[in-house]
Amino acid sequence: MTTPPQQPDRSGFRSEDDIDKVLGSANPNPERVGCPPHDVLVALAKRERPIGDPGYEHIVNCSPCYREFRSLQQANAVGPSRKRRNSRVWFAAAAAVVIVTVGTWYTISSKRARPGPETARPAIQVAELQTQLDLRKYSVARSESGAGKQPVLDLPRGRLDLTILLPVGSEPGAYEVQLLDSDLRSRANATGTAEIRNYITTVRTALDIRDLPSGSYQLAVRRQGEEWQMFPARLP
């Protein structure tokens with residue numbers, strides 16, 4: 001079967017580059033739905049409207065209007081070649097604004113419309129509470145009874161970025177930290193390396209106590225291989 005020849009474009013439009021080839025045929029609109037009047041196309045062709053004018057969006061999505069728009073540009077392209085190039089650059093910029101805007105909207109809409117297991121949910125970030133405990137004023141206690149006679153450490157509830165200023169005479173090295181309940185069961189634990197900073201033996205670690213019940217606890221600290229030191233603590 002023989003393919004009938006295409007009807008000539010009576011607008012006088014001539015395809016000059018890839019933009020013309022694509023936009024001149026990709027979006028047929030035989031009923032001319034939503035097309036602007038001829039004088040608007042003339043103003044667009046003469047660059048008398050701003051680059052964000054909605055008329056450019058219509059031209060990008062309507063091949064008949066695009067061909068008419070381009071034929072007006074081509075009919076008036078009698079000046080120097082630089083002027084013709086500037087005209088094409090102007091429309092290319094306007095078209096790019098429209099295409100990028102529409103493409104971004106389409107991408108966002110598609111992602112929203114297709115939730116599924118392949119879409120990874122963003123991880124919930126939990127802020128760490130900067131907390132410092134100064135144990136230098138505490139005497140070392142190695143029993144629950146001894147710890148109960150000392151001032152109580154007030155601990156904030158949360159995921160702690162914990163800095164502990166160790167008692168005077170503490171040596172640097174690897175340390176273990178635990179939070180014990182009233183039955184001396186470990187409810188949270190952490191490790192860290194103590195260093196001497198400004199003549200103070202300091203250990204920094206992270207301790208997550210977000211889900212612990214309120215009440216009295218014992219903060220147990222020790223240098224690995226040595227005895228535990230106990231300090232009374234309280235969680236609101």
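Where is the place of Leu184? Leu184 sits in the loop between β4 and β5. The close-ups below start from the sheet and return to this loop.

This is a predicted model, in which local features need pLDDT of at least 70, side-chain atom pairs count only at pLDDT 80 or more, and totals for chains, interfaces and linings use all residues. Residues are numbered from 1 along each chain as its sequence is written, and side-chain values use heavy atoms, with hydrogens and water left out.

**View 1. An open sheet of eight strands with mixed pairing.** The strand order is β1-β3-β6-β5-β4-β7-β8-β2. β1 (128-134) and β2 (153-154) are the edge strands, each pairing on one side only. Strands (E, at least two residues) and helices (H or I, at least four) are DSSP runs, numbered from the N terminus. Two strands pair if DSSP finds at least two bridges between them. In general, strands of a sheet pair through backbone hydrogen bonds, either parallel or antiparallel.

**View 2. Strand β4 and its partners β5 and β7.** β4 (residues 173-180) runs antiparallel to β5 (residues 186-197), with eight bridges. Ala174 has Thr193 of β5 as its bridge partner. Val177 stands opposite Ala190, also in β5. β4 also pairs with β7 (residues 215-223), in the antiparallel sense over six bridges. There, Leu179 is bridged to Leu219 of β7. Seven of the eight residues of β4 are buried, so this strand is largely enclosed by the rest of the structure. Buried means under 20% relative accessible area, exposed over 50%, and partly exposed in between (1.4 Å probe, protein chains only).

**View 3. Positive phi at Leu184 and Tyr199.** Most residues other than glycine have a negative phi. Leu184 has a positive phi, near 60°. Leu184 belongs to the hairpin of β4 and β5, which has five residues between the strands. Leu184 is partly exposed, at 41% relative accessibility. Tyr199 has a positive phi of about 70° and is not a glycine either. Tyr199 lies in the loop between β5 and β6 (200-208). At 83% relative accessibility, Tyr199 is exposed.

**View 4. Ser63 and the residues it touches.** Ser63 belongs to helix α4 (residues 63-76). With a relative accessible area of 1%, Ser63 is buried. Leaving out residues up to four places away in sequence, Ser63 touches Leu23, Gly24, Ser25, Ala26, Asn27 and Pro28. Contact here means heavy atoms within 4.5 Å. The side chain of Ser63 reaches the backbone nitrogen of Ser25 at 3.4 Å. Ser63 and Lys21 are 42 residues apart in sequence and 10.0 Å apart in space, C-alpha to C-alpha.

**View 5. Cysteines without a disulfide.** A disulfide is a pair of cysteine sulfur atoms within 2.5 Å. By this rule the count is zero. For Cys62, the nearest cysteine sulfur is that of Cys65, 3.7 Å away. Cys62 is buried, at a relative accessible area of 1%. For Cys65, the closest cysteine sulfur is in Cys35, at 3.4 Å, too far for a bond. Cys65 is buried, at 0% relative accessibility.

Definitions and conventions: Polar contact = N/O pair within 3.5 Å; in protein donor to acceptor, adjacent residues only side chain to side chain.
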